[in-house]
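Please look over the sequence and the structure shown here before reading on.

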Amino acid sequence: MIPIRTRYDFDFSSPPAQEAIRIIDRLREAGFTAYLAGGSVRDALLGKSPKDYDVATDATPDAIRGVFGKKRTLAFGASFGVVGVLPDRRDSVTQPPRADKVEPTEVATFRSDGVYLDGRRPDSVHFGSAEADALRRDFTINGLFFDPVNSEIIDYVCGREDLQRSLLRTIGDARQRFAEDKLRMLRAVRFATTIGFQIAPETANAIAEKASEIEVVSGERIGVEMRRCMASEHVLSGLDYLTDLQLMRYVLPELAQMDHAVIHQLFLHRRQREFPSALALLLLASPSANADLRAITERWKLSNEEVRIVTAALRGAPKLAIAHQVAWSKIQPILIDRDVRYVLDVACDLAVAEGLGDEGLQRVKAALELPSDVLDPPPLLNGSDLARLKIPAGPVYAKILNRLRQRQLDGELSTREQAIDEVRTTKW
């Protein structure tokens, strides 16, 4: 197949891009062909700054390690033709940088894949040509190469045309691509969501036909893709795709219990959110949010930090959204929580969705500007004080201290003397 070659001015100013070009130059000096490949080419054509720059070459893994030296390479995927090349800012072989201080650039040998036996990975790979490497990839927009020497996009799969059409389409027969790797169905939704593309009809039909087969993919791997979908400004499109393509019942069955009209209202502002904020916002539409969070945690293997943030947002966001109507003693503990920025993020969306105005949010934002000793003043009394006041030790201590703290924050008590009088005159 003769590829379509078109000139393109690539921006190589970023350090990762310069490192990838250094690697390509070295491989070419050693007599090999080497290109930028996949996502970095796609993102550049979309006007985005690529996060990673992968290199594809006809050099075998052993040859790559021979060019750069074993001390400067990591054979973390050599069985699949992938070698990590460590940066060398002096381009010298005498003093390699420490591997724990740098990020390697992935350099992959052109390959074709063997049979996919487990619905996720090929049982073998065969090193080959750039054309074969392009044809074994998932979607046309990911099958592009860039030749920095001639400043040319090399396109065997009409990927650039699909980029211009904002269309996500598999390379070759969609059913075969999804039969090989079931996760590609969810990756299709993720790509369409994160870059705002439409899924080609034949690709969408194949997903709907094979949707139940996504169950062979681990929940943890599904969670990785869903995090990216939910952090996108186009999250609603992603959720709609999951529903329309029959994937939702396997990927996020909890959504079936939620009011879709409420979900659309909650995500009214189209913007990027961090994943915990997006998940918390989604769960606010659930009649069983805590149970749903436990199920999602187990299935997607959410981290302790993610669970903590989502839980804090579920509890605190509804209060912050109407902070002007809630006692300060109920608001202040939320504002001193380490996850308050996520809680406030969700509260802002909730206030917009429910038409609550911004009076409560303005109160919160003003409070967050206060000095720490004003926002979180020291308690008036502690346990030692209660012991000196001859209060018998026990669960009553927590009751007394919580009550004193509440009254202090609400401005009803302001001195130690007032707090001591409260303890002495109250029947606990």
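**The sheet and its surroundings**

Ala37 has Asp54 of strand 3 as its bridge partner. This is a predicted model, in which local features need pLDDT of at least 70 and side-chain atom pairs count only at pLDDT 80 or more, while totals for chains, interfaces and linings use all residues. Residues are numbered from 1 along each chain as its sequence is written, and side-chain values use heavy atoms, with hydrogens and water left out. Helices (H or I, at least four residues) and strands (E, at least two) are DSSP runs, numbered from the N terminus.

**Sheet**
- Strand 2 (residues 34–37) and strand 3 (residues 54–57) run antiparallel and are joined by four bridges; two strands pair if DSSP finds at least two bridges between them.
- Eight strands, in the order 1-10-9-2-3-6-5-4, make up an open sheet with mixed pairing.
- Strand 1 (4–7) and strand 4 (73–77) each have a single partner strand and stand at the edges, so one side of each is left without a neighbour in the sheet.
- From one strand to the next, the twist averages 30°, where axes are lines fitted to C-alpha atoms (for helices over the stretch in contact) and angles run from 0 to 180 degrees between N-to-C directions.

**Helices on the sheet**
- Helix 1 (residues 15–29) packs on the sheet, touching strand 2, strand 3, strand 5 (82–85), strand 6 (105–109) and strand 9, and its direction makes about 155° with that of strand 2; contact means heavy atoms within 4.5 Å.
- Helix 3 (residues 61–68) also packs on the sheet, where it touches strand 3, strand 4, strand 5 and strand 6, and its direction makes about 15° with that of strand 5.

**Cavity**
- The structure holds one cavity of 30 Å³ or more, a cavity being a set of points, on a 1 Å grid over the protein atoms alone, where a 1.4 Å probe fits but cannot get out, with lining residues having an atom within 4 Å of a point.
- The largest cavity has a volume of about 40 Å³, the volume being the space filled by probe spheres set on grid points that are joined across faces, edges and corners.
- Its lining consists of Leu239, Asp240, Thr243, Leu255, His260, Ile263 and His264, with at least two residues supplied by each of helix 10 (235–244) and helix 12 (260–266).

**Loop residues**
- Ser151, in the loop between strand 9 (144–147) and strand 10 (152–155), has a positive phi of about 50° although it is not a glycine.
- Lys301, in the loop between helix 14 (289–300) and helix 15 (304–321), has a positive phi of about 60°, although it is not a glycine.

Technical notes. On a 1 Å grid over the protein atoms alone, a cavity is a set of points where a 1.4 Å probe fits but cannot get out, and a pocket is an open set with protein on both sides within 12 Å along at least five of seven lines; lining residues have an atom within 4 Å of a point.
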